[in-house]
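Let's take a friendly look at how charged side chains pair up in a protein. Here is the one we will explore together.

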Amino acid sequence: MKRKTPLLLTISLLLFLTVACSPKTTQDPNVQIQQAVNATLAAIPTPTRAALPTPFPSPTPFSLVGLFCEYQFCIGHPVDVSFFDVSAQQNPASPSTYSQGLIAAFNGNLFIQAMWQIAPGTADPKFLFDTLVDDTIDTPANNLDVFLTRNMNVVYDSITSIATPALPYGGAGAWTCGDRVFAWKVYTPQADSARGLFEEALARFTCGQ
């Protein structure tokens with residue numbers, strides 16, 4: 001006599017085959033960015049504490065206080081926030097790399113995002129600015145400032161945002177460096193603080209090129 005397969009086991013097998021055969025889709029960068037906003041503004045995960053000084057001499061040409069250095073670039077930031085890898089938080093198997101990545105930092109009065117993408121030969125960083133500025137929650141002032149600094153093509157614009165009522169103002173910028181393009185965005189409680197934060201970040205920015 002044949003043994004009958006239990007109904008529950010049959011259903012489980014069908015569900016497994018359905019999931020396994022489903023086509024994989026590439027996540028929209030804007031969806032990934034919005035997920036980062038939601039996660040960080042909800043205080044998940046907790047920002048990484050600043051690293052303690054090493055017990056042995058480790059000379060560097062600059063102070064690491066308020067300076068994020070990883071993925072072969074460094075960028076300035078306020079000393080009371082720390083960047084973390086959003087890509088790794090969303091998918092531990094796919095952290096940020098030299099070629100592309102997304103990081104964020106926040107506290108109760110500030111939210112910063114930065115992203116980058118390899119783009120050899122690209123002179124105009126505006127495409128990554130448009131990617132980071134989410135038109136569902138961000139409204140640019142449409143007064144784009146375009147300039148050159150340290151051989152980097154830079155664009156910047158003020159924005160307002162409905163991402164959170166506590167941080168309705170901000171700014172966003174993008175620039176080229178070596179074979180990569182970088183973009184940066186901040187939400188702030190005051191309209192006049194975003195540009196200064198961008199200039200601080202960019203002034204201390206370096207990349208391996």
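## The overall count

A search through the whole structure, which is a predicted model, turns up 4 salt bridges. Side chains of opposite charge can pair when their charged atoms come close. Let's visit some of these pairs.

## A pair along helix α4

Start with Asp130 and Lys126, which form a salt bridge whose closest N and O atoms are 2.7 Å apart. Both residues belong to helix α4 (residues 126–132), and because they are 4 residues apart there, about one helical turn separates them.

Next comes the salt bridge between Lys185 and Asp138, with 2.8 Å between the closest N and O atoms. Lys185 sits in strand β10 (residues 180–188) and Asp138 in strand β6 (residues 138–140), so this pair ties together parts that lie 47 residues apart in sequence.

Buried means under 20% relative accessible area. Lys185, at 1%, therefore counts as buried, and so does Asp138, at 3%.

In helix α5 (residues 194–203), Arg195 and Glu199 are 4 residues apart, about one turn of the helix. Their side chains meet in a salt bridge, at 3.3 Å from N to O. Arg195 is partly exposed, with a relative accessible area of 29%, and Glu199 is partly exposed at 45%.

Which residues join into one network here? Salt bridges with shared partners link Asp145, Arg195 and Glu199.

Definitions and conventions
Residues are numbered from 1 along each chain as its sequence is written. This is a predicted model: local features need pLDDT of at least 70, side-chain atom pairs count only at pLDDT 80 or more; totals for chains, interfaces and linings use all residues. Side-chain values use heavy atoms; hydrogens and water are left out. Helices (H or I, at least four residues) and strands (E, at least two) are DSSP runs, numbered from the N terminus. Buried means under 20% relative accessible area, exposed over 50%, partly exposed in between (1.4 Å probe, protein chains only).
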